[in-house]
Amino acid sequence: MKLFQFDYKNEISLRGKLNRIRQFCEDKHASKILFHIFTDAPDKELIDGICAVLDDEMPAAEYVGCSTNGNISSGDFSPSGVSITCTVFEHPSIQVETLQYKLSEEVAIELTNDLKRLVKARPWVKAIELVATIRGLSMSNFCDNLQDLDPSIVVFGGGAFSGKLDAVQACIFSKKGGVMQKGVAFVLYGGDDFYISTQFVSGWKPLGKEMKVTRAEGNIVYELDGNPTYDAYQRYLKIKNDENFFFHTIEFPFYYIKNGVNILRDPVCCNEDGSIEMTSDVKEGASGRLAYGDPQTILDSVAETRAEVARFSPEAILIFSCAGRRLFWGDDRIGRETQPFESLAPTFGFFTSSEFLRTNGFVNQHNVTLVIAAMREGAPKENAASAAEKLDHSERISMIHRLATFINMATSELEEANEKLHQFAITDALTGIYNRGEIQRRIEVLAEETGKPFSLIMIDLDDFKKVNDNYGHKIGDEVLTGLADFLKVKLHTEAVPNQTGRWGGEEFMIVLPGMHKEDAVKIAETLRFGFAAIEFKGAGKQTMSLGVTEYIPGEDADTLCIRVDDALYAAKRAGKNCVVVK
């Protein structure tokens with residue numbers, strides 16, 4: 001495998017470069033030739049001109065390309081507007097083929113089904129590279145429908161962009177189609193002597209408390225923990241909702257787990273209602289945290305990934321890096337995370353609007369991420385082990401990293417303390433079940449959910465004052481805790497959905513969501529009979545009276561509680577140790 005990397009200047013210069021490449025290919029009896037053309041402007045006239053020269057000078061060669069937010073050549077940011085890389089495959093078994101489709105959300109399933117059909121008919125395929133125009137598109141169906149590809153097939157690639165971050169236009173193109181503003185191009189790689197290894201690098205680390213996406217649609221996240229999403233960025237980072245919102249949030253994407261993989265989503269803009277448009281879809285119900293970018297942490301992650309890539313012994317490395325990473329580092333420093341790979345093999349690529357990589361069988365759409373595809377022909381080189389030594393960027397741990405670790409630990413401890421305080425606030429200290437305030441709150445919540453049936457069972461121990469008077473309060477407490485334990489075990493054994501609490505003194509309340517009073521009476525009788533059979537050490541057997549009632553749609557919680565209380569005292573007046581329903 002041999003790579004030729006050069007910048008496009010003009011047609012004459014391009015023909016001269018191609019003439020030298022063609023001579024090399026003839027001398028080496030090349031099997032396949034593939035050009036990658038990356039341009040920082042979706043200039044159709046320019047692209048058509050380059051492709052026409054390629055078709056004229058090297059008609060057997062495949063080519064693919066797209067508009068970008070900047071190009072990577074020889075492992076570093078290229079100031080040139082157009083970068084061209086020619087990969088010459090030398091082993092006869094190598095196969096390379098390009099495909100191209102129009103792309104929209106409406107055709108995503110049909111498109112990917114056709115791709116899978118074509119791949120299945122080509123058993124030599126080992127990897128699929130893609131470049132796509134994704135601005136304004138949800139790629140969820142596209143990615144999800146590739147899940148059932150043969151598990152051994154690698155999928156990687158990037159989203160086309162423009163040199164200007166706020167530009168709407170982008171394009172892709174290939175040997176199999178002209179310039180498309182809404183399209184996707186694929187490169188199929190394979191053959192017995194083709195090998196590929198893919199990795200991804202984030203380096204961004206989660207920070208602060210975990211938040212749940214309580215409302216989202218596509219790439220718009222409306223709420224985190226029930227509050228407008230912007231509140232998190234304003235509260236924790238003091239970021240204003242102004243024209244600089246995107247640039248101020250680029251270092252603090254939303255970090256969550258999807259398909260077992262760390263995923264980042266960068267805020268693009270904040271709407272008037274406090275919702276935030278992310279760079280790609282975020283699923284409602286996901287839990288995540290804000291993340292921060294720390295140069296030292298990023299470079300450490302790069303060093304670890306470089307060591308993995310080195311062990312593979314690559315002959316070419318293709319990088320898809322988020323435009324957000326370029327903005328984070330700046331053009332003069334972005335090479336710090338890409339140049340380390342150039343020492344392993346010729347490295348090229350572009351800055352994307354999104355990155356794609358198949359991990360654990362799932363094709364994930366990434367943001368703010370570095371996706372690396374390392375390729376070679378034949379067996380690995382013998383010097384791979386020595387090249388795999390980890391780069392040492394610094395002996396010191398970043399101060400930002402230390403502060404972030406401190407914040408995360410403090411947040412974790414505060415969340416644990418808050419959880420304990422919350423449990424303390426809703427739990428009865430003696431019995432360990434809900435206290436009256438919490439059980440009453442739960443009754444009120446159910447009463448507000450009109451149309452949903454539920455019933456209450458109110459319990460009072462019979463003649464409990466005599467237990468305290470005759471045996472002491474310690475024995476009395478043991479009877480109370482014994483009743484609480486009995487209720488928990490019995491209701492669990494009977495598989496009865498319930499919310500049980502101590503109402504006060506020797507009174508207990510059981511809330512039975514979804515249950516009508518007829519079934520609640522049966523539960524009450526089971527409890528009464530079971531409790532009466534318990535022999536308490538020091539107090540003997542005890543009994544209890546029970547009142548049962550069912551919620552009447554429209555009544556408030558206080559009225560409902562009065563009715564169940566009346567039922568309980570009717571049981572008392574009826575001679576105790578019985579169940580009365582009202």
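K238 is exposed, with a relative accessible area of 60%; exposed stands for over 50%, buried for under 20% and partly exposed for the range in between, with a 1.4 Å probe and protein chains only. The model is a predicted one, in which local features need pLDDT of at least 70 and side-chain atom pairs count only at pLDDT 80 or more, while totals for chains, interfaces and linings use all residues. Residues are numbered from 1 along each chain as its sequence is written, and side-chain values use heavy atoms, with hydrogens and water left out.

## Loop residues

K238 lies in the loop between α5 (230–237) and α6 (245–249). Helices (H or I, at least four residues) and strands (E, at least two) are DSSP runs, numbered from the N terminus. The phi of K238 is positive, near 55°, in a residue other than glycine. S74, not a glycine either, has a positive phi of about 55°. S74 sits in the loop between β4 (71–73) and β5 (76–78) and is partly exposed, at a relative accessible area of 40%.

E494 belongs to the loop between α14 and β28. Its relative accessibility is 41%, so E494 counts as partly exposed. E494 and S321 are separated by 173 residues in sequence and by 57 Å in space, C-alpha to C-alpha.

## The sheet around β27

An open sheet of 5 strands has the order β28-β29-β27-β32-β33, with mixed pairing; two strands pair if DSSP finds at least two bridges between them. At its edges are β28 (499–504) and β33 (579–581), each pairing on one side only. On average, neighbouring strands of this sheet are turned by 20° against each other, direction ignored. Axes are lines fitted to C-alpha atoms, for helices over the stretch in contact, and angles run from 0 to 180 degrees between N-to-C directions.

Two helices pack on this sheet. Helix α12 (residues 436–448) touches β27 (454–461), β28 and β29 (507–513), and its direction makes about 125° with that of β28; contact means heavy atoms within 4.5 Å. Helix α14 (residues 473–493) touches β27, β28, β29 and β32, and its direction makes about 15° with that of β29.

Within the sheet, 8 of the 8 residues of β27 are buried, so this strand is largely enclosed by the rest of the structure. Its buried side chains point two ways: F454, L456, M458 and D460 to one side, S455, I457, I459 and L461 to the other.

V125 stands opposite G190 in β12.

| Strand pair | Bridges | Sense |
|---|---|---|
| β8 and β12 | 7 bridges | antiparallel |
| β27 and β29 | 7 bridges | antiparallel |
| β27 and β32 | 7 bridges | antiparallel |
| β32 and β33 | 3 bridges | parallel |

Helix α3 (residues 108–120) has 13 residues and reaches 18 Å from its first C-alpha to its last, close to the expected 18 Å at 1.5 Å a residue; the expected span is 1.5 Å times one less than the number of residues. Buried in α3 are A108, L111, T112, L115, K116, L118 and V119. These residues cover an arc of only 165° around the axis, which puts them on the same side of α3; the arc is that of the directions from the helix axis to the C-beta atoms. Their cover includes β7 (95–102), β8 (125–132), α4 (140–144) and β12 (183–190). The face turned away from the buried side of α3 carries the exposed residues E110 and K120.

## Nonpolar cores

A nonpolar core is a set of buried Ala, Val, Leu, Ile, Met, Phe, Trp, Tyr and Cys residues joined through side-chain atoms within 4.5 Å. The largest has 31 residues, and those with the most contacts inside it are F89, F156, Y189, F194 and I196. Leaving aside residues up to four places away in sequence, I196 touches A127, V154, F156, F312, A373, A374 and M375. Another core lies apart from the largest one and has 30 residues, among them I457, L512, A520 and F536.
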